[in-house]
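Please examine the model shown here with attention to its charged side chains and its helices.

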Amino acid sequence: MADIAHEVATEITGGAELSRSLKSRHVSMIAIGGIIGAGLFVGSSTTISQAGPAAVFSFAIAGFIILLVMRMISEMAIAVDGVQTFPDFARVGLGHLAGFLSGWLYWYFWVVVVAIEAIAGAQILHGWFPTVPELAIGIGLMAMLTAVNLLSARAYGEFEFWFSSIKVAAIIVFILVCAAWAFGITSGSGPSFNNLTAHNGFVPNGWGVVLAAATSTIFSLVGAEIATIAAAESEEPAKVISRMTVSVTLRILIFYVLSIFLIVSVVPWTEIVPKVSPFATTLAYMGLPAGQLIMEAVVLVAVLSCLNSGLYVTSRALFGLAKHKDAPQWLVQVNERKVPARAILIASLFSYVALAADAVSRDVVFSFLINSCGVTMLLLYLMTSAAQLKLRRKYEAEDPARLQIKMWFHPYGTYVAMAAMLVILVAKGLDPSASKELWLSLLVAGGFAAAFFIFRRRAA
């Protein structure tokens, strides 16, 4: 039987190849940038307001699930010849339909993220410069970062390296400042760890709420798989992925969990307001001048970082689909700098349309974009998990030497991750306030599945 991985790796039209200009430091920071975003700096307020100080466990549970998925990716990145990018694992393990769905859903998820981040960035800057229309600011941000991505993969990597460095530096400084306060060094009233239990206990609303909060928290943690896209343009893709996916994810989880722990140690959790940055609330509580402005600037950097990464990821996902003949072949072309310029411009065009539509009907467009990709990444992670199980069985039987990195507690580690993701999806479906995300995301997935069969019939 022919090696499926080899077939996938060589199914390229036109001979177009991307550059190999990214360094390990770029890929490392790209992975960090994929996880640290507005979900941490703003979205964590909702989790804290629901679960209280036990929100630390909500983030730890969600992070553990993501860590398991990243370990699966590490295993497959080393074992599968010539296939490094995230959507390709489903293709190799589960077949053409899974590859088609994985590629297009991944493209759709990130192209929506690009539009959302452009809108969010425009709103922040409009607050600073109220005389400039939001639409003009959004178009300006899109044009600037589209130009960065069109320059070269190296240019994207450098911008993302510095964006991510700023975010990491901000979190480290925040942790140090909060730790000094929590231990009583700067507070003036002694250690403040009593806040962990002073307001109806450490688990004020019960462990059921802690688990339920984890179902929404997990969406703040997706994005580490971006490293697999970027690593494909590095000098040693497989080694870079295997080294980055778990170690970087683990470091980010420490940032997340430690930040949330210090927030609920410094500030009574009852003072955290949903949709208001708990980081800004904490800085204000400690009397730090200009705390709100500082956090707005950090959130803006996070937004620009995500926008930059989104343009990069969508273009590479579309380029990969074209290479596998699942997208128009004119998209497989690259320019003289080995950048898929056409694929980048398609993602950019989608965002310009979204910005214009948002200016006409904000509530309808913004709500649809968010809801229609709400659980898409979990669907993709489920396909990735299923692919890992199948490929693991195949390689254990045919070529065990491929398995240089192995999934923890196989196969139970994968089963635990899949079961947890299915529980989250079911919880979404049963929650009247969140069910729209599940059904619209499934509708989009169903639309791409129908497109696959139509596409295949026409090809035949």
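This is a predicted model: local features need pLDDT of at least 70, side-chain atom pairs count only at pLDDT 80 or more; totals for chains, interfaces and linings use all residues.

Biologist: How many salt bridges does a search of the whole structure find?

Modeller: The criterion is a side-chain nitrogen of Lys or Arg within 4 Å of a carboxyl oxygen of Asp or Glu. Searching the whole structure on that basis gives a total of seven.

Biologist: By about how much of the helix are aspartate 88 and arginine 91 separated in H5?

Modeller: The side chains of aspartate 88 and arginine 91 form a salt bridge with an N to O distance of 4.0 Å. Both residues are buried. Because they are three residues apart in helix H5 (residues 86-94), the separation is about one helical turn.

Biologist: Is arginine 392 buried or exposed, given its salt bridge with glutamate 396?

Modeller: Glutamate 396 and arginine 392 sit four residues apart in helix H16 (residues 376-398), about one turn of the helix, and their salt bridge has an N to O distance of 3.0 Å. Glutamate 396 has a relative accessible area of 39%, so it is partly exposed. For arginine 392 the relative accessible area is 5%, and the cut-off is under 20%; arginine 392 is therefore buried.

Biologist: Which residues are linked with Arg392 in a network of salt bridges?

Modeller: Beyond four places in sequence, arginine 392 touches Glu75, Leu403, Lys406, Met407 and His410. One of these, Glu75, also belongs to the salt-bridge network of Arg392, and the side chain of glutamate 396 meets that of arginine 392 in a salt bridge. The residues linked with Arg392 are Glu75 and Glu396.

Biologist: Which residue forms a salt bridge with aspartate 399, and is that partner buried or exposed?

Modeller: The closest N and O atoms of aspartate 399 and arginine 402 are 3.4 Å apart, which lies within the 4 Å cut-off. Aspartate 399 is partly exposed, with 30% relative accessible area.

Biologist: Which residue has a side chain joined to that of aspartate 326 by a polar contact?

Modeller: Aspartate 326 is placed in the loop between helix H13 (291-323) and helix H14 (341-360). Its relative accessibility is 3%, so aspartate 326 counts as buried. Leaving aside neighbours within four places in sequence, aspartate 326 is in contact with Arg91, His96, Phe100, Trp104, Leu321 and Phe455. The polar contact, at 2.8 Å, is with histidine 96.

Biologist: How many Å apart are the end C-alpha atoms of helix H4?

Modeller: Helix H4 (residues 55-79) is mostly covered, with 21 of its 25 residues buried. At 1.5 Å a residue, its 25 residues should span 36 Å, and the separation of the end C-alpha atoms agrees with this, at 37 Å.

Biologist: Is helix H7 roughly parallel or roughly antiparallel to H14?

Modeller: Helix H7 (residues 134-151) packs with H14 at an angle of about 175 degrees, and their axes are 10 Å apart. Since angles over 145 degrees count as roughly antiparallel, H7 is described in that way relative to H14. The contact includes Leu135, Gly138, Ile139 and Met142 of H7, and Ala341, Ile344, Leu345 and Ser348 of H14. The orientation of H7 to H14 is roughly antiparallel.

Note on methods
Residues are numbered from 1 along each chain as its sequence is written. Side-chain values use heavy atoms; hydrogens and water are left out. Helices (H or I, at least four residues) and strands (E, at least two) are DSSP runs, numbered from the N terminus. Buried means under 20% relative accessible area, exposed over 50%, partly exposed in between (1.4 Å probe, protein chains only). A polar contact is a pair of N or O atoms within 3.5 Å; within protein, one must be able to donate a hydrogen and the other to accept it, and residues adjacent in sequence count only if both atoms are side-chain atoms. Contact means heavy atoms within 4.5 Å. The expected span of a helix is 1.5 Å times one less than its number of residues. Axes are lines fitted to C-alpha atoms, for helices over the stretch in contact, and angles run from 0 to 180 degrees between N-to-C directions. Angles under 35 degrees count as roughly parallel, over 145 as roughly antiparallel, 65 to 115 as roughly perpendicular and the rest as oblique.
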